[in-house]
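Open the model in a viewer and keep the selection tool at hand. The stops below say what to select and what is found there.

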Amino acid sequence: MINFDELTKAVVEGDSDASVELTKKAMDAGISATEILGRRLLPGMEIIGEQFETQEIFFPELLMAANAMKAAVVLLRPELSKSKTPPAGKYVIGTVEGDAHDIGKNLVKMMLEQNGWEVTDLGTDVPAEKFCSVIKEGSFDILGLSALLTVTIHAMDDIIKTLKAAGLRDKVKIMVGGAPVTQSFADQISADAYAKDAVEAARKAKSLISR
Amino acid sequence: MSEKGGPDREIGVFQSHRHFWNNLPGIVLCCRLNYYSQDPLRTRIYDENIKGEFTPEMLDLEKLTDDTIRAYQDLPLLNGDVFEVVQFAFVVPWMEAIIGCHLYSLGRGASMVANPADIEPGDLAQHLRYLLDNLDENVWFKKLGDGYQALAEALGAKFPLANTLMRGPGDMVGALLGHENFIERMLKPADNKDFLNELLDLCAKIYIKTAKMQLERSKGFKGGYCNGWGLWAPGLNIRAQEDEAAFVSPKLYNEFLLPYHVQEVDAFDYSTFHMHSGYVMSVYNWRDFSKKSSIKALQVSLDLNGPAVEDLMGTLLEINSEKPLIIGSSTDEQAKAVKEHIPDFPGSVLHYSSSFLK
């Protein structure tokens with residue numbers, strides 16, 4: 001008999017060994033990947049998200065929980081892909097030109113993936129033209145722009161203007177985030193959403209595409 | 001001596017800085033934040049869009065010295081109530097470069113980042129031990145020393161020199177290992193505690209030697225030294241910081257970082273520790289830090305996305321009841337809110353902002 005609470009707990013405690021072992025046991029017991037993901041792994045990340053927002057836990061615990069979840073999802077992926085469950089959405093993310101900081105971006109990516117998003121990561125120091133060509137050629141619901149440096153957040157404005165000039169602005173929703181980014185800056189550059197951290201980014205992404 | 005205010009004004013400034021370190025009530029100092037505009041290398045990286053790996057050969061000492069002299073030639077000695085200080089090329093992540101990380105220049109980002117060194121984790125302690133014993137041979141250490149020597153000769157008679165921006169032992173180890181790797185190791189202390197403590201200890205010692213070298217080369221100012229905020233003190237005076245605090249929990253901060261901050265600041269007569277408002281109420285254990293170390297002052301930069309000034313005031317007042325406090329406002333709104341609360345502070349305060357709000 002699988003104790004599902006233990007699997008949720010393994011994610012909350014960031015215990016990758018336990019999350020993998022308990023996921024294997026659940027699969028051996030014939031429980032579907034969708035059920036394992038939806039009923040025990042994701043609730044663990046929801047708990048972690050709430051604890052992070054109230055500062056009961058901090059960045060390291062969030063990172064470890066996301067890693068524990070990721071390790072378990074690797075086991076579920078073959079079955080999940082067979083079930084042809086569509087992703088929650090398609091998200092393309094990158095750190096803007098002139099900025100090479102990626103810890104925040106990587107965490108947003110992890111949180112989105114754990115919430116069922118298909119994420120394309122363009123990396124760091126990405127020029128506006130690159131964002132533009134990816135949006136033109138691909139099919140994405142949301143473009144996420146990250147920056148840590150005060151001087152580089154203006155690149156977000158340039159990217160949005162470049163997309164507008166290319167007639168691509170309406171093809172995608174745009175989310176912005178990073179230490180120097182504020183809601184008022186997001187409004188000023190006409191971004192569709194601002195997220196103060198990775199947990200909020202996952203939540204706002206969901207609400208953006210359900211509008 | 002000063003183009004603005006004259007000798008009497010300067011004598012008053014020295015006196016107010018002495019009072020500041022003693023945290024006397026009613027000492028309120030103000031100045032403009034302007035140090036970002038005074039690093040010619042930072043300006044050059046932006047203007048010339050210098051992007052990619054940044055090696056020691058790219059740091060042209062003669063040009064940089066000339067550019068720095070030009071940047072300071074029209075400046076008065078005083079910036080509000082503090083001294084205008086010269087810092088050598090603070091856009092360079094000096095400590096990370098000295099310990100072997102690769103620097104990457106960000107062009108329009110007007111900044112640099114440090115990427116992990118090409119050294120196996122198992123060899124890092126040996127590498128750092130050798131470095132500590134042979135710092136004078138290190139190319140970045142030499143560049144930094146030569147830079148201070150040149151600036152002291154060119155500008156030292158007019159302006160005080162302060163230590164450059166140096167990130168702390170946690171930042172150094174984080175840069176060496178990669179920040180996520182560092183965090184994951186801290187979370188598995190059974191396998192990593194001794195390993196990390198040795199690296200942090202060696203980095204703290206390299207930090208101290210590097211800071212002292214700069215102060216020696218700068219030759220001091222009027223019988224003392226100035227820190228990066230332009231505060232003069234009659235002894236070795238540095239600014240210390242640890243940005244890695246943004247990535248750790250209070251527990252990890254206490255276990256891994258705090259002991260080395262104590263070691264670092266205890267090596268100087270007057271140390272001021274820089275913190276961010278986003279973490280000052282949670283991660284930075286400034287209470288224990290104040291009790292366990294000889295730290296003289298604390299500084300809080302108000303983050304754009306940090307708590308509102310009103311929410312921070314309890315913590316700021318508590319800090320100031322123990323130590324002199326430097327508050328850096330990022331926006332005019334923050335500066336205005338701080339200014340309104342100035343009469344509430346029980347000790348000495350230096351408030352800087354982009355606009356001068358005396």
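Predicted model: local features only at pLDDT ≥ 70, side-chain atom pairs only at ≥ 80, totals over all residues.

Now widen the selection to strand β3 (residues 142-146) and strand β4 (residues 173-177) of chain A, which pair in the parallel sense over five bridges. These two belong to an open sheet of five strands in chain A, with parallel pairing and the order β2-β1-β3-β4-β5. Go to the edges of this sheet: they are β2 (117-121) and β5 (193-194) of chain A, each of which pairs on one side only.

Helix α9 lies across β1 (89-95), β2, β3, β4 and β5 of chain A. Its angle to β4(A) is about 165°.

**The two domains of chain A**

Colour residues 4-82 of chain A as domain 1 and residues 89-210 as domain 2. Taken over C-alpha atoms, the centres of these two domains of chain A are 26 Å apart. Where they meet, 10 residues of domain 1 of chain A are in contact with five residues of domain 2 of chain A.

Stay on the domain 1 side of this contact. α3 (33-53) and α4 of chain A each supply at least two residues to it, and α4(A) gives the most, with six residues. By class, this side has seven nonpolar, one polar and two charged residues.

**The nonpolar core**

Next, select A:Ala65, A:Met111, B:Ile99, B:Cys203 and B:Val248. These are the residues with the most contacts inside the largest nonpolar core, which has 177 residues. Helix α4 (residues 59-82) of chain A gives the most to this core, with 10 residues. Both domain 1 (4-82) and domain 2 (89-210) of chain A are represented, each with at least three residues. In soluble globular proteins, nonpolar side chains tend to be buried together.

Zoom in on A:Met111. Leaving aside residues up to four places away in sequence, A:Met111 touches A:Ala66, A:Ala198, A:Val199, A:Ala201 and A:Ala202.

**Where chain A meets chain B**

Show both chains. The contact between them involves 20 residues of chain A and 22 residues of chain B. On the chain A side, the largest share, five residues, comes from α4(A). The residues of that side divide into 11 nonpolar, five polar and four charged.

**Two loops of chain B**

Finally, move to chain B and select B:Asn49, in the loop between α2 (40-47) and β2 (51-54) of chain B. Phi of B:Asn49 is near 50°, a positive value in a residue other than glycine. Most residues other than glycine have a negative phi.

Then select B:Ala110, in the loop between β5 (102-106) and β6 (112-115) of chain B. Phi of B:Ala110 is likewise near 50°, again a positive value in a residue other than glycine.

Is B:Ala110 buried or exposed? B:Ala110 has 24 other C-beta atoms within 10 Å, so B:Ala110 is buried, given that 20 or more count as buried. B:Asn49 has 15 such atoms within 10 Å and is therefore partly exposed.

Terms used: Residues numbered from 1 in each chain as written. Chains lettered and ligands numbered in written order. Core = buried A, V, L, I, M, F, W, Y, C linked by C-beta atoms within 7 Å. Buried ≥ 20, exposed ≤ 12 C-beta atoms within 10 Å, placed from the backbone. Helix = DSSP H or I, 4+ residues; strand = E, 2+ residues; numbered from the N terminus. Domains from an automatic or database assignment. Contact = placed C-beta atoms within 7 Å. Nonpolar A, V, L, I, M, F, W, Y, C, P; charged D, E, K, R; others polar. Pairing = 2+ DSSP bridges. Axes fitted to C-alpha atoms, helices over the stretch in contact; angles between N-to-C directions.
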